[in-house]
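Here's a quick briefing to read alongside the model. Take a look at the sequence and fold, then go through the notes below.

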Amino acid sequence: MGSGPNVEHYFFDLHFGNEQVVDEEGVDHFDEGSAVYYGQTIADRIGRDTDYRSLTVHVRTFEGSVLAIVAASAGRGFEQLALMGR
């Protein structure tokens, strides 16, 4: 029997303005693509709040190198304008 699928551990640090929140727990993912997608999801959810439009999520590997830096999707800004127009 095999030992199961290989997973890697990634961390998702939040950066906004001069503030930074370091992820000390992290999350396991099967590949880099799913880790970046997860980081994008975090950025989109938090980026809905107008106070956090400058938010970026830094996806780090277990070794500490930055894999990706993602910001809220452009669609989130349009969603905010639509909600404010109501």
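**Arg60 and its surroundings**

A polar atom of the Arg60 side chain sits 3.1 Å from the backbone oxygen of Asp23. Keep in mind that this is a predicted model, where local features need pLDDT of at least 70, side-chain atom pairs count only at pLDDT 80 or more, and totals for chains, interfaces and linings use all residues. Residues are numbered from 1 along each chain as its sequence is written, and side-chain values use heavy atoms, with hydrogens and water left out.

*More on Arg60*
- Arg60 belongs to strand 4; strands are DSSP runs of E, at least two residues, and helices are runs of H or I, at least four, numbered from the N terminus.
- Arg60 counts as buried because its relative accessibility is 17% (buried is under 20% relative accessible area, exposed over 50%, partly exposed in between, with a 1.4 Å probe and protein chains only).
- The Arg60 side chain also makes a polar contact with the side chain of Asp13, at 2.5 Å (a pair of N or O atoms within 3.5 Å; within protein, one must be able to donate a hydrogen and the other to accept it, and residues adjacent in sequence count only if both atoms are side-chain atoms).

*Helix 1*
- Asp31 puts a side-chain oxygen within 3.3 Å of the backbone nitrogen of Gly33, at the start of helix 1.
- Buried residues in helix 1 include Ala35, Ile42 and Asp44.

*Arg53*
- Arg53 is in the loop between helix 1 and strand 4 (56–61).
- With 54% relative accessibility, Arg53 counts as exposed.
- Arg53 and Ala72 are 19 residues apart along the chain, and their C-alpha atoms are separated by 7.3 Å.
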